[in-house]
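Please find below a short note on a protein chain, written as numbered points.

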Amino acid sequence: MTHTERPMPPLDADERTGLESWLDFYRATVAQKCEDLTDEQARSASVPPSSLTPMGLVQHLAEVERNWFRRILNGEDVPPLHGPPAAPGVHSGGFDLPADVTFAQALAAWQEEIAVSRAVCAGRSLEDSAPFMGGEVRLRWIYHHMIGEYARHSGHADLLRERIDGTTGV
């Protein structure tokens, strides 16, 4: 049995530390919800009629990390991790489950994207910005967006896990 540490964000942190700590808290929450799932469980759409699965959620979060920190903030031209776009500019967001990818591989790809995201942000100011939607988006905004993204998906992961094997809390 594995166990992901989920440290509480500091109560008296500066803004940067607070943002990074809350993002890491929610990353760890999703990781905890995925611990010890089999490939079959990870592919289980356990809240009908939704097709959302733990594996699809993890793949989506890897795509979200890649999009915001690499493509947008860092300006990298990197392809999607989980399959080609369905049409120009349209991608599944990682929710589709390829038959040739295991849950362990999906988790590893997600963790790698998190590591790259941290490296991209290291040494940058919260005021650093990048072109986005005809304007500029600041790293501060991206952190806030990512915290919201992960908080929503932590709730999804919680419901999925409870339906799969009754595991609650963390």
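1. On the source. The model is predicted, so local features need pLDDT of at least 70 and side-chain atom pairs count only at pLDDT 80 or more, while totals for chains, interfaces and linings use all residues. Residues are numbered from 1 along each chain as its sequence is written, and side-chain values use heavy atoms, with hydrogens and water left out.

2. On the aromatic pairs. Rings of Phe, Tyr and Trp (for Trp, its six-membered ring) are paired if their centres lie within 6.5 Å; planes under 30 degrees apart count as stacked, over 60 as edge-to-face and the rest as tilted. By this rule there are six aromatic pairs. In one of them, the ring centres of Trp-22 and Phe-25 are 5.2 Å apart and the planes stand at 70 degrees, so this pair is edge-to-face.

3. On the setting of that pair. Helices (H or I, at least four residues) and strands (E, at least two) are DSSP runs, numbered from the N terminus. Both Trp-22 and Phe-25 belong to helix H1 (residues 15-34), where they are three residues apart, about one turn of the helix. Buried means under 20% relative accessible area, exposed means over 50%, and partly exposed lies in between (1.4 Å probe, protein chains only). Phe-25 is buried because its relative accessible area is 13%, whereas Trp-22, at 34%, is partly exposed. Together with Tyr-26, Trp-22 and Phe-25 form one aromatic cluster.

4. On a second pair. Trp-68 lies in helix H3 (residues 54-73) and Phe-132 in strand E1 (residues 129-132), so their pair ties together parts that are 64 residues apart in sequence. The pair is tilted, with 5.0 Å from centre to centre and 55 degrees between the planes. Trp-68 is buried, at 9% relative accessible area; Phe-132 is partly exposed, at 24%.

5. On the packing of two helices. How do H1 and H4 run relative to each other? Axes are lines fitted to C-alpha atoms, for helices over the stretch in contact, and angles run from 0 to 180 degrees between N-to-C directions. H1 and helix H4 (residues 103-121) pack at about 175 degrees, with axes 12 Å apart. Angles under 35 degrees count as roughly parallel, over 145 as roughly antiparallel, 65 to 115 as roughly perpendicular and the rest as oblique. H1 and H4 are therefore roughly antiparallel.

6. On the residues in that packing. Contact means heavy atoms within 4.5 Å. Among the residues that make it are Asp-24 and Val-30 of H1, and Trp-110 and Ile-114 of H4.

7. On two backbone angles. Most residues other than glycine have a negative phi. Asp-36, not a glycine, has a positive phi of about 65 degrees; Asp-36 lies in the loop between H1 and helix H2 (39-42) and is partly exposed at 39% relative accessibility. Met-133, also not a glycine, has a positive phi of about 50 degrees. Met-133 sits in the loop between E1 and strand E2 (135-138) and is exposed, at 74%.

8. Glu-127 is found in the loop between H4 and E1 and is partly exposed, with a relative accessible area of 38%. Leaving aside neighbours within four places in sequence, Glu-127 is in contact with Arg-138 and Arg-140. The C-alpha atoms of Glu-127 and Trp-141 are 9.2 Å apart, although 14 residues separate the two along the chain.
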